[in-house]
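Dear colleague,

Please find below the sequence and structure for your review. My notes on what was found follow directly after.

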Amino acid sequence: MEKRLVFGIKIKFILISTLIMALTSVTWGSWSWINEREHLIERLDAEGRLLLTSLQAPIVDAILYERIGVVEENAGLLDNFIEQVMENREMKVVYAFIIDTDGKVVAHSDYRQFGKMYHDPLTAIALAQEGFAAQTVQQRSGPPVFDMALPLQVAGKSLGALRVGASMELLQKEQSRLGREILIFTCLFFLVSNAVFYVVGLTMSRPLKKLSSAMAKVSHHSLQAAPLAHRNDEIGQLQESFLEMLDRLKKSEDERQHAVARMMQNEKMATIGKIVAGVAHEINNPLMVMSTSLFHLERKVPPELARFLETHKEGMQRIEGIVRQLTDFSRAGSLDLQRVASDDFFKDTARFASIALKKQQIVFESSDMAPRTLLSIDKGKMHQVVLNLLLNAADASTEGGVVWLTAYLQGGSYLLAVQDHGAGIPPEEMEKIFEIFYTTKPGGEGSGIGLAISKSIVEMHHGEITCTSTPGDTTFLVRIPLRHGENDG
Ligand SMILES: Nc1ncnc2c1ncn2[C@@H]1O[C@H](COP(=O)(O)OP(=O)(O)O)[C@@H](O)[C@H]1O
Ligand SMILES: [Mg+2]
């Protein structure tokens, strides 16, 4: 099941980028605003400085004229300058006055202030630094005032200061216009950048979402992912790792299923072995008794009844054969390993087989192509395996058909091949032929034990038995691995 995400990567990314963009926008906006404001004040300062310094020399002259009596004191010379300041077009001056070094107002735009004594800190500053000084003064009502002072000096002697206050109304208006512009631009920047980040977030989260839903859809049975578009980024790497992991999972799941099947098969064989041993034992006892009594009967029976006895005997031999096979099957669990030379073993097997196949209407051929090698096998049991295969091959062959037994070495194993030219085994039966009691032969002819015994004997030798079959060409291959030191004979 796919879980619904409350705080997915997309949302987190967008939230974080929004926060960053908001911070950036606000910082940038305020910085621009402060910068602009400083710039405006600087402009005001420069204008003020220009205005005041342009009047400095004439005012100093006027004061000196008054002092030395060239002109009459209070002739209004200074007032003319104040008026000039008040009427200038560059700045909106709200007040202008001249103050002497004692703090006495010697000219003022407001004539009522004339003659008053001021305690004026800005004048003190200007006089102390012997140059232009300015400050912004907040008014109780109305716009702030840019308050300026310029010392009036001659030959290092202070005569007072020219003091001018200019309204900052224009500056304030300019400033708020700029503020609005900055705000609008900041908002736009914020919106556009957020839109960009939203799209980026979406493109980042979409393939992840696809991958996650592909992961969620992987079924336990198939372990197959829906096809994913190829990508050259980290998400592509993630996809690849996921597919690789799926592959590994599939392999181990296959192995697990095989192991389970093998285990179940072994279990089944063990159970069947026990049952078979019990049944064989139970049949064997009465069979012995019957054999003995048959032996006595044979001598006493009149000749006309002898043929019945013959059929009876044949039947009993067949039962004995099956019981022997069953006992062999149940005893297949233990091996009696011997060291035998491969050529000796092959010779014995072929001789033994040709005797056993005498009754069959086939041609038996054998060829040993394996170089002499030491084998570690249970000779008797391996004879039984080859005989089972040869008898099956003979059963499958048509009259006069050739059955081949071949031995050779390949890839560190000793191989025995039994080949016939019979009808072959259909693919759908291939899986079943090694199961115990599986036979396609008519009742009374087949028991379905031969291949099951052969398989368990070969597997006990750590080998395997395989079959390839097409109509007219069937080969059973027994592979017995040679252990270290056995192929040096
Ligand atoms: N060489 C062969 N050609 C065709 N079928 C074969 C061959 N060998 C084995 N089989 C098939 O495998 C089945 C099982 O063989 P086996 O276990 O020996 O039992 P049985 O010989 O008693 O039937 C046979 O009944 C037959 O159908
Ligand atoms: Mg058989």
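**Salt bridges**

Aspartate 348 and lysine 379 form a salt bridge through their side chains, at 3.6 Å from N to O. Aspartate 348 belongs to helix H7 (residues 342-356) and lysine 379 to helix H8 (residues 379-396), so the pair ties together parts that are 31 residues apart in sequence. Aspartate 348 is partly exposed, with 23% relative accessibility, and lysine 379 is partly exposed at 25%. Please note that this is a predicted model.

The count of salt bridges comes to 18. One of them links the side chains of arginine 231 and aspartate 233, with a distance of 2.7 Å from N to O. Arginine 231 is partly exposed, its relative accessible area being 28%; aspartate 233 is also partly exposed, at 26%.

A further salt bridge joins arginine 256 to glutamate 253, with 3.0 Å between the closest N and O atoms. Both residues are in helix H5 (residues 234-300), where they are three residues apart, about one turn of the helix. Glutamate 253, in contrast, has a relative accessibility of 16% and so counts as buried, since the limit for buried residues is under 20%. Finally, a network of salt bridges links Lys92, Glu169 and Lys173.

**Helix packing**

How are helix H1 and helix H2 arranged where they pack? The angle between helix H1 (residues 9-68) and helix H2 (residues 77-87) is about 170°, and their axes are 9 Å apart. H1 is therefore roughly antiparallel to H2. On the H1 side, the residues that meet H2 are Leu51, Leu55, Pro58, Ile59, Ala62, Ile63 and Glu66. Their counterparts in H2 are Leu77, Leu78, Phe81, Gln84 and Val85.

**A nonpolar surface patch**

A nonpolar patch on the surface is formed by Ile9, Ile184, Leu188, Val192, Val196, Val200 and Met204, which together have about 610 Å² of accessible area. Helix H4 (residues 169-217) supplies the largest share of this patch, six residues. Isoleucine 184 is located in helix H4 and is exposed, with a relative accessible area of 55%.

**Buried positions**

Is valine 403 buried or exposed? Valine 403 is buried, with a relative accessible area of 0%, and its place is in strand S9 (residues 402-410). Beyond neighbours within four places in sequence, valine 403 is in contact with Ile362, Val363, Phe364, Glu365, Leu390, Ala393, Ala394, Ser397, Val418, Gln419 and Asp420. Phenylalanine 364 is 39 residues from valine 403 in sequence, yet their C-alpha atoms are 5.0 Å apart in space.

Glutamine 113 lies in the loop between strand S2 (105-108) and helix H3 (121-129).

In helix H10 (residues 450-460), the buried residues are Gly450, Leu451, Ala452, Ile453, Ser454, Ile457 and Val458. Histidine 462 follows H10 and has a positive phi, near 65°.

With kind regards

Key. Residues are numbered from 1 along each chain as its sequence is written. Chains are lettered from A and ligands numbered from 1 in the order in which they are written. This is a predicted model: local features need pLDDT of at least 70, side-chain atom pairs count only at pLDDT 80 or more; totals for chains, interfaces and linings use all residues. Side-chain values use heavy atoms; hydrogens and water are left out. Patches are made of residues with over 30% relative accessible area and no salt bridge: like charges are joined within 9 Å, nonpolar side chains (Val, Leu, Ile, Met, Phe, Trp, Tyr) within 5 Å. Accessible areas come from the Shrake-Rupley method with a 1.4 Å probe; for residues, only the protein chains shown count as cover. A salt bridge is a side-chain nitrogen of Lys or Arg within 4 Å of a carboxyl oxygen of Asp or Glu. Helices (H or I, at least four residues) and strands (E, at least two) are DSSP runs, numbered from the N terminus. Buried means under 20% relative accessible area, exposed over 50%, partly exposed in between (1.4 Å probe, protein chains only). Contact means heavy atoms within 4.5 Å. Axes are lines fitted to C-alpha atoms, for helices over the stretch in contact, and angles run from 0 to 180 degrees between N-to-C directions. Angles under 35 degrees count as roughly parallel, over 145 as roughly antiparallel, 65 to 115 as roughly perpendicular and the rest as oblique.
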